[in-house]
Amino acid sequence: MSLPLRSRRSTLLVLPALVLAVFVVAGGVGAATLQSLGLMPLIGPVRLSVDAYTGQAGALLGALGLSLAIAAASTVIAALVGVGTALLIVGGRWCGRIVAVTSAATVTIPHLIGAATVGLLLADSGVLARMFGVPPELWPSLVGGPWWVAVVLEYAWKESAFIGLVVAGTLITRVARFDEAAALLGAGRWKRFRFVMLPLALPALAISSAIVFVYTLGSYEVAWLLGRTYPEPLAVMALRLFNSASLTARPEAAAAAVLTTAVSFLVVGFCFWAVRKSAVWR
Amino acid sequence: MTPPVARTGRMRLPGDPGSTLTLSRGSGRLVRVVSTVLIAGWFLLPLAPLMVWAFANQWSFPALLPTQWGFEGLGSAIGQGALPALGASLTLSLVVAAIATPIGAMAARALTFGAVPWPRTVSVALLAPIALPPFAAVMGLNVLILRASIPPAAGLVLVLVVMAIPYTTFTMRVAYAAHDIRYEEEARILGASRWSVLWRVQLPLVAPALARAAFLAFLVGWSDYVVTVVVGGGEIVTLPLVTASLAAGIGNDAAVAILSLSAIVPPLALLALAGLAGRRPDRASSSAAPSIGERR
């Protein structure tokens, strides 16, 4: 190689992570795309076709709409609670410490465990129904109901802690001095929030919200455990098809996977592009 | 005027959060306390059912508290394989952290101080797994892994390591951005070998960030469900898998609560440990804080 020594050393250092990441991302997306186009069948002839997309276009679009709706609702609630969490953490003192500890603890809980415990809380014979003394037939169907309430609340709960910690992390390192300066110049609480905290928190908020959105969009276990069987979001649909015995199901499952991946990359790409373009960055 | 001393024993610096200038007073203080209670409640409420169900032998519907307390949930969780699942979860997460942390740190160091060709493209490639839906990745990869006859356990570790790389790389890039390379140069000038500079200067300086990165990578392995189901092919049964199979059924609530608690406690213990370990050097070196590190 004709690269200079420094460049060669850095390339060697970056290579292990890069090779693995490229193998999983390109290999995973590539193989899923080939499967969805009938070019990588488990058995039978290789034949290029878009049947897996056109044959179930209605179901795919319906699942996509539902996935987007669940992800949007969860992200909005998580962002609102997350900003409140971050402001309390940045405020410091014991209020900040309590919120920091409880949110850090929430981040460590696996989503599947979160789904299980939210189920125990919100089901029609769950702990909340007992606390309020509501009989099961009168309790709103939060788990497995038409509005996906338990699913959205589980995502919002876990991810608000994530957004809160990410935003608090950037605010603590950068903003405290500005906040003090504004206070010294006579800015009240609302003005400091509106003109100091919010603009400086915005890039971190936008990026963490985009991560939460695509995470929720591509997540399987919460919607599977707390949702209903029909209609189903993309991930649940894809894994049901993936595990089904029928031969046409594999390409159809791969089509749902490719659609989810494409939307995820579009959302994240757009968000990073917008943040980079905005003057707020740095 | 003596500067107020923070509770950690360190002197308060300008810009530390919670200064008297921005302190809430009067009604603002009330709003702050109420919102703290609300947000702490939002985070803690979903955990409440676990604490009660874990010790309920019987809890028929309208009763506010279990009709019969006991430890039957523990027995039935162990009967369902909770202990081997706990072992599998711990092993998997530790292996993922042990691989993803050093390769993330190496990549971050090269991107911060080195001369990587096409640095933007490489950074994007290392962050890309964050946008990749795990179920979509493994549905495609499963075929490749089967055809390349990679054992399921290795395939599982591979995918989870890649899922962890964005977090470890990003954490270490932040750390290296604040890292003062002149400490290393100084040691080299004084005659230390590359190896001893790595072990005795660089690693001690970035150790807290390495711990954070390793913790995040541990969480990726610890929290995973769908990758283990698809790539593990039933060979590797972790805590979330056992919990899922019980939670999808009916009448296992006590065992589900026990399994959930055993999935919540280990990361919390790690977090508490890291918090304790992170506090000590801060107290010891309050006056000897690196001052040349302030150049950024």
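Tutor: The discussion below sets values against definitions. This is a predicted model, in which local features need pLDDT of at least 70, side-chain atom pairs count only at pLDDT 80 or more, and totals for chains, interfaces and linings use all residues. Residues are numbered from 1 along each chain as its sequence is written, while chains are lettered from A and ligands numbered from 1 in the order in which they are written.

Student: Why is Trp118(B) called exposed?

Tutor: A residue is exposed if 12 or fewer other C-beta atoms, placed from the backbone, lie within 10 Å of its own, buried if there are 20 or more, and partly exposed in between. Trp118(B) has 9 C-beta neighbours inside 10 Å, and therefore counts as exposed.

Student: What makes Ser149(B) exposed?

Tutor: Ser149(B) has 6 other C-beta atoms within 10 Å, so Ser149(B) is exposed.

Student: What is the phi of Ser149(B), and where does Ser149(B) lie?

Tutor: Its phi is near 40°, a positive value in a residue other than glycine. Ser149(B) is placed in the loop between α6 (134-147) and α7 (152-177) of chain B; helices are DSSP runs (H or I, at least four residues), numbered from the N terminus.

Student: Which residues make up the contact between chains A and B?

Tutor: Chain B gives 82 residues and chain A gives 86 residues, two residues being in contact if their C-beta atoms, placed from the backbone, lie within 7 Å.

Technical notes. Helix = DSSP H or I, 4+ residues; strand = E, 2+ residues; numbered from the N terminus.
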